[in-house]
Amino acid sequence: MIELICLDVDGTLTDGKLYYSDLGMEMKAFNVHDGLGIACWLKLGKKIALISGRDAKNVQTRAQELGITECFLGIRDKKQVVLKLMEKYQLQSHQIACIGDDLNDLPMFAICGMSFTPANAAKIMHNYAKYILTANGGEGAVREMIDFLIVQEKLEGKVLEFFTK
């Protein structure tokens with residue numbers, strides 16, 4: 001069973017576009033469907049980690065809003081972060097899934113048991129991900145991955161209970 005999902009941010013949780021205000025503030029848009037999927041995954045008692053090469057306060061704000069406590073920003077070596085999380089939570093590779101959209105995510109792919117990439121990822125990523133999603137980054141790719149894992153692990157009943165009780 002997958003216990004930890006490692007998420008790249010730009011191009012997976014967002015559409016990968018960077019917007020700057022006249023004051024130089026960086027802005028991103030997050031998909032609410034991804035957010036609800038993340039909330040469900042966490043409510044199942046599972047873990048999520050955000051691992052981004054960029055350091056942006058708005059990502060930290062989104063992580064706090066969703067209750068994600070493992071948020072690593074400005075990371076050059078994502079594999080080292082995953083290794084530390086494996087040690088911290090005593091997990092094996094087959095218990096970790098990840099999603100990424102570009103070459104800097106390949107080290108994560110190499111050690112995670114399951115790897116996903118959005119439909120609009122850099123084309124080379126399609127050669128390395130175990131699963132190519134139909135949704136684009138920032139348009140529900142993370143939700144599609146989480147829904148896939150929930151179905152694969154036969155957890156739909158528990159998730160539906162969150163909304164029907």
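Visitor: Which residues is Tyr-19 in contact with, leaving aside its neighbours within four places in sequence?
Guide: Met-25, Glu-26 and Met-27 are in contact with Tyr-19 once neighbours within four places are set aside; contact means heavy atoms within 4.5 Å. This is a predicted model, in which local features need pLDDT of at least 70, side-chain atom pairs count only at pLDDT 80 or more, and totals for chains, interfaces and linings use all residues. Residues are numbered from 1 along each chain as its sequence is written, and side-chain values use heavy atoms, leaving out hydrogens and water.

Visitor: Why is Tyr-19 called partly exposed?
Guide: Its relative accessible area is 39%, and the class runs between buried (under 20%) and exposed (over 50%), with a 1.4 Å probe and protein chains only. Tyr-19 therefore counts as partly exposed. Tyr-19 sits in strand β2 (residues 19-20); strands (E, at least two residues) and helices (H or I, at least four) are DSSP runs, numbered from the N terminus.

Visitor: What puts Ala-39 in its accessibility class?
Guide: Ala-39, in helix α1, has 32% relative accessibility, so it counts as partly exposed. Ala-39 and Glu-161 are 122 residues apart in sequence, yet 14 Å apart in space, C-alpha to C-alpha.

Visitor: How do you know whether α1 and α6 are roughly parallel or roughly perpendicular?
Guide: Helix α1 (residues 32-43) and helix α6 (residues 156-164) pack at an angle of about 105 degrees, and their axes are 10 Å apart. Axes are lines fitted to C-alpha atoms, for helices over the stretch in contact, with angles from 0 to 180 degrees between N-to-C directions. Under 35 degrees is roughly parallel, over 145 roughly antiparallel, 65 to 115 roughly perpendicular, the rest oblique. The two helices are therefore roughly perpendicular.

Visitor: Which residues of α1 and α6 meet?
Guide: Leu-36, Cys-40 and Lys-43 in α1 meet Val-159, Phe-162 and Phe-163 in α6. By class, this contact holds 5 nonpolar, no polar and 1 charged.

Visitor: What makes the length of α5 agree with its residue count?
Guide: The expected span is 1.5 Å times one less than the number of residues. For the 12 residues of α5 (residues 141-152) this should be 16 Å, and the end C-alpha atoms are 16 Å apart, so the two agree.

Visitor: Which residues of α5 are buried, and what covers them?
Guide: The buried ones are Ala-141, Val-142, Met-145, Ile-146, Leu-149 and Ile-150. Their cover includes β1 (4-7), α1, β4 (47-51), β6 (96-99), β7 (114-117) and α6.

Visitor: How many residues has the largest nonpolar core?
Guide: It has 31, with Ile-5, Leu-7, Ile-38, Trp-41, Met-145, Ile-146 and Leu-149 making the most contacts inside it. A nonpolar core is a set of buried Ala, Val, Leu, Ile, Met, Phe, Trp, Tyr and Cys residues joined through side-chain atoms within 4.5 Å. Helix α5 gives the largest share, 6 residues. Beyond four places in sequence, the contacts of Leu-7 include Leu-13, Ile-38, Ile-48, Val-142 and Met-145.

Visitor: What is the phi of Lys-154?
Guide: Lys-154 has a positive phi of about 55 degrees, although it is not a glycine. Most residues other than glycine have a negative phi. Lys-154 lies in the loop between α5 and α6 and, at 68% relative accessibility, counts as exposed.

Notes: Nonpolar A, V, L, I, M, F, W, Y, C, P; charged D, E, K, R; others polar.
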